Amino acid sequence: MRSTQTSRRLLHRGVGVGAVLALSLGLVPSAVADPQTPPSQQDIQAARTAENLAAASVAQLEVELARLSVVSDQAMVDVQVAAEDYLTASDQLATSEAQATQAQERAASAQTDLEAARQELTAIALEAYRSGGSMGMLEAVLSADGYQDVVERTVAYQQFGSRADAAVQRFDASRIVADALTRRAGVAVAARQAAKVQADAALQKAQQTQARAARQVADAATQRTVLIGVLAARHHTTAALESQRQDAVDAERRRRADAAARAARATEPPVQTPAPTSSTPAPKPTTTTPDPPATTPNPPTTTTPNPPTTTTPNPPTTTTPDPPAATTTPDPPAATTPDPPASSDPYGLGTGTSLSSASQGQAAANWAKTKTGLPYGLGKSGPDAYDCSGLTSSAWATQGIAISRTSRTQYKQVKKISYNDLRPGDLVFWATNTGNVDSIYHVAIWIGGGQIVEATVPGVTSRVTSMRWSGTMPFAGRA
């Protein structure tokens, strides 16, 4: 009773319920309640906030609560995006390291070949020097004893000269190869160093994003508590009941968004037709006689009266077979229909590769379910911690099927399938922009029954949960 009277007095003084709740929660310094202490700028701002809360309508308060819920959801997405950026950079670093190592090994091998060619050439030069420094044809003939000796010495000279020429060629070729591979190795090492810098920066950003998201979630939770208290006072209920009501409102908001996204995914996107489709209406009117002559100026000019009557086969026999076949019928369909769909979307329905069977998919899903409860680990592929793509790639590795390491490259690799064809083991992906594969930030394993297995963010263990349809890519994937 006394606390109620105190609240009414504060309301009468213009402080408002928000300030009462803020004081009780320790959000506003106690100096505000002490008339002997001059208020600080922070105290003044807190009082103004309390007044604004007191003056706000119930609808405004509920809108603010909804916004805070979205802030928390977005903070988690930001963490996943930053984590995926780091994984992409780490994957590039691993590729760069492998390329640099291979380039260095090839350069070292080329240097070994160059040294062998140099030693061979040196040995030939020494041999020529020991034989008098010269072995010309004339000398071979003059110093020979008889015709047979001349032949033998001539052959020996030619063989020696050929061996020397071949050694010189091998040396030159080895030097060119060694120089080229050494340069490539230098480029690969530089690329590795750049990838290392990028990976380190991405890791730092991921850590900073995680810390910022944690603060945003905590701040949103604190503000939500205050707003729920204000609404409870307005509705003459308890904070616990008002919190339950707001939880239900948030759940309903997510349900509606999810239902809309699910409906969109349940309907296969129509086959995209290219820009030239604007020319397709032109061929359709060609059934009328005025239009075809416009598209085929050469043949029909002299026979325009006859084409309208398609029953007259005799006049066109000499002129119709050649021109129409080459100009009217085959060209438009060949230029508009088959070519564009193949190049319009490299990640469209049916693109990618699948090597798995249904039984392998079920086994991969079953394996993933055994990893529930393990902590999330950025860049981890088990056995004690996993990130999202680490879990999916490890699950499929148990079936002897290798898929790439990040969720973005996994989507590019696997066969794109309709959500209507989902079976256990298939992969589902989320993105900030579902039209851009490079904005994918999460992947999970479909296990059937509207459920998935996933590893999401730090602080949340691997889990089995209901499928979330909002933000999913246009297609699912099959490994």
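Q: What makes a residue of this predicted model count as buried?
A: Buried means under 20% relative accessible area. In helix H12, the buried residues are Gly-361, Ala-364, Ala-365 and Ala-368. They cover an arc of only 100 degrees around the axis, so they sit on the same side of H12.

Q: What covers the buried residues of H12?
A: The cover includes helix H13 (388-397), S3 and strand S4 (451-454).

Q: How do you know that the span of H12 agrees with its number of residues?
A: H12 (residues 358-369) has twelve residues. At 1.5 Å a residue, they should span 16 Å. The end C-alpha atoms are 17 Å apart, which agrees.

Q: Why is Arg-478 called buried?
A: Its relative accessible area is 13%. The cut-off is under 20%, so the term applies. Arg-478 is found in strand S6 (residues 476-478). A polar atom of its side chain lies 2.9 Å from the backbone oxygen of Asp-421.

Q: Why are Arg-255 and Glu-252 called partly exposed?
A: Arg-255 has a relative accessible area of 47%. Glu-252 has 29%.

Q: What makes Arg-255 and Glu-252 a salt bridge?
A: Their closest N and O atoms are 2.8 Å apart. The limit is within 4 Å, so the pair counts. Being three residues apart in helix H7, they are separated by about one helical turn.

Q: Why is the pair Asp-250 and Arg-224 called a salt bridge?
A: The N to O distance is 3.6 Å. The cut-off is within 4 Å, so the pair qualifies. Asp-250 lies in helix H7 (residues 239-266) and Arg-224 in helix H6 (residues 146-235), so the bridge ties together parts 26 residues apart in sequence. Asp-250 and Arg-224 are both buried.

Q: Which parts does the salt bridge of Asp-387 and Arg-405 tie together?
A: These side chains meet at 3.0 Å, N to O. Asp-387 lies in the loop between H12 and H13, and Arg-405 in the loop between H13 and helix H14 (407-413), so the linked parts are 18 residues apart in sequence. Both Asp-387 and Arg-405 are buried.

Q: How do you know that S2 and S3 pair?
A: They share five bridges, in the antiparallel sense. At least two are needed, so the strands pair. Trp-430 has His-442 in S3 as its bridge partner.

How values were computed: Residues are numbered from 1 along each chain as its sequence is written. This is a predicted model: local features need pLDDT of at least 70, side-chain atom pairs count only at pLDDT 80 or more; totals for chains, interfaces and linings use all residues. Side-chain values use heavy atoms; hydrogens and water are left out. Helices (H or I, at least four residues) and strands (E, at least two) are DSSP runs, numbered from the N terminus. The expected span of a helix is 1.5 Å times one less than its number of residues. Buried means under 20% relative accessible area, exposed over 50%, partly exposed in between (1.4 Å probe, protein chains only). The arc is that of the directions from the helix axis to the C-beta atoms. Contact means heavy atoms within 4.5 Å. A polar contact is a pair of N or O atoms within 3.5 Å; within protein, one must be able to donate a hydrogen and the other to accept it, and residues adjacent in sequence count only if both atoms are side-chain atoms.
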